[in-house]
Amino acid sequence: MIGAIATFEWRYQVRSPVFWVGCLIFFLLAFGSVTVEQVQIGGRGNVHLNAPYAILQTQSIMSLFAIFVIVAMVAGTVLRDDETGFAPILRATSMDKASYLVGRFLGANAAALIVIGSVPLAIAVGSAMPWLDPERVGPFHLGD
């Protein structure tokens, strides 16, 4: 039962404009921080653009901003049933409260992780752009 609820919530979140706008904003900000000198997230220092330290610093700063997108996604999940009048129907079924809440949480959390996961993807794509100075880009390690 939890899997069916989590799958439903996942599909709902992926179709939401908040999900796609969040993914786009975080991807473009991280991509810009790697490929454009004027966009800087964190202190660059004397490290490669795709160094583990630079990736960690960009990811941690972007995670702070991701809190707002995640709250917007999850708050809609919490309020949606009561606003649409579907909550009494759900409470009348044989579904227990724990399965319902855990399934909703897992589905919304998976969608939120995809939004945050767009940052390292943007760093990997941005570090492969041909207009970057090869001396500023280190070797690509998937583990980083």
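## Aromatic pairs

F27 and F31 both belong to helix 2 and sit four residues apart, about one turn of the helix; helices (H or I, at least four residues) are DSSP runs numbered from the N terminus. This is a predicted model, in which local features need pLDDT of at least 70 and side-chain atom pairs count only at pLDDT 80 or more, while totals for chains, interfaces and linings use all residues. Residues are numbered from 1 along each chain as its sequence is written, and side-chain values use heavy atoms, with hydrogens and water left out.

The F19 and W20 rings are edge-to-face, because their centres are 5.0 Å apart and their planes stand at 85°. The F27 and F31 rings are stacked, because their planes lie at 10°, with centres 6.0 Å apart.

## Burial of the ring residues

F19 is buried at 3% relative accessibility (buried is under 20% relative accessible area, exposed over 50%, partly exposed in between, with a 1.4 Å probe and protein chains only). F31 is also buried, at 18%, whereas F27 is partly exposed at 23%.

Q40 is found in the loop between helix 2 (17-35) and helix 3 (52-84). Q40 is partly exposed, because its relative accessible area is 48%. Its C-alpha atom is separated by 9.0 Å from that of A30, ten residues apart along the chain.

Terms used. Helix = DSSP H or I, 4+ residues; strand = E, 2+ residues; numbered from the N terminus. Phe/Tyr/Trp six-rings, centres within 6.5 Å; stacked < 30°, edge-to-face > 60°.
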